[in-house]
Amino acid sequence: MTNNKKELAVAALKDGTVIDHIPSAALFKAVKILGIENMDKHITIGFNLESRKLGKKGIIKVSDTEFDESTLNRIAIIAPHAVVNTIRDFEVADKRAVTLPETVIGIVRCPNPKCISNNEPMSTRLHIINRDPVILRCHYCNHTINGADATLV
């Protein structure tokens with residue numbers, strides 16, 4: 001039996017969700033999108049972990065929770081290559097990539113200070129005009145924004 005001290009040990013989940021391949025710079029935005037700051041479940045957040053694909057990555061593990069598809073797909077705005085694993089009885093029951101919706105409503109703030117969505121009580125609405133890298137266009141003022149630079153509502 002070899003003892004490899006180069007591996008990071010993180011407790012396995014019996015049931016829950018693991019979101020992997022989140023760029024480190026986007027990790028805490030993903031936490032906000034998921035709304036896990038106030039959850040009473042066991043949550044593991046890994047930040048600046050080594051990744052062959054990304055260089056550095058983040059990972060989120062939430063026990064006893066399965067997020068709905070629309071919530072998970074919101075993460076694609078800031079982490080278009082994120083992978084979601086649903087864990088049941090310590091096994092990966094489902095593994096899928098996040099998919100970006102055509103329109104994002106009420107999630108990302110338009111960066112144009114003169115946009116009506118920033119000056120009237122209404123939801124923001126941005127359309128996806130490019131998927132990799134993610135670029136969004138405001139429905140109201142046509143201002144564009146890079147997904148990595150998106151400010152969440």
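Trainee: Which strand does the hairpin join to β2, and through how many residues?
Mentor: The hairpin joins β2 to β3 through 3 residues. Strands here are DSSP runs of E with at least two residues, helices are runs of H or I with at least four, and both are numbered from the N terminus. This is a predicted model, in which local features need pLDDT of at least 70 and side-chain atom pairs count only at pLDDT 80 or more, while totals for chains, interfaces and linings use all residues. Residues are numbered from 1 along each chain as its sequence is written, and side-chain values use heavy atoms, with hydrogens and water left out.

Trainee: In what sense do β2 and β3 pair, and over how many bridges?
Mentor: β2 and β3 pair in the antiparallel sense, over 7 bridges. Two strands count as paired if DSSP finds at least two bridges between them. Within this pair, Ile45 has Ile60 in β3 as its bridge partner. In general, strands of a sheet pair through backbone hydrogen bonds, either parallel or antiparallel.

Trainee: What about Asn48, where is it and what is its phi?
Mentor: Asn48 lies in strand β2, residues 43-51. Its phi is positive, about 60°, although Asn48 is not a glycine.

Trainee: How exposed is Asn48?
Mentor: Asn48 is partly exposed, with a relative accessible area of 39%. Buried means under 20% relative accessible area, exposed means over 50%, and partly exposed lies in between, with a 1.4 Å probe and protein chains only.

Trainee: And Asp64, what is its phi and where is it found?
Mentor: Asp64 has a positive phi near 55° and is a residue other than glycine. Asp64 is found in the loop between β3 (55-63) and α2 (69-74). Asp64 is exposed, with a relative accessible area of 52%.

Trainee: Changing topic: what is the strand order in the open sheet of 4 strands?
Mentor: The order is β6-β8-β9-β10, with antiparallel pairing. β6 (103-105) and β10 (144-146) stand at the edges with a single partner strand each, so one side of each has no neighbour in the sheet. The twist averages 30° from one strand to the next; the axes are lines fitted to C-alpha atoms, for helices over the stretch in contact, and angles run from 0 to 180 degrees between N-to-C directions.

Trainee: How many bridges join β6 to β8?
Mentor: β6 and β8 run antiparallel and are joined by 3 bridges. Ile105, for example, has Arg125 in β8 as its bridge partner.

Trainee: Last one: which residues does the cis peptide bond join?
Mentor: The cis peptide bond joins Asp132 and Pro133, with omega at about 5°. Pro133 is placed in the loop between β8 (125-131) and β9 (134-138).
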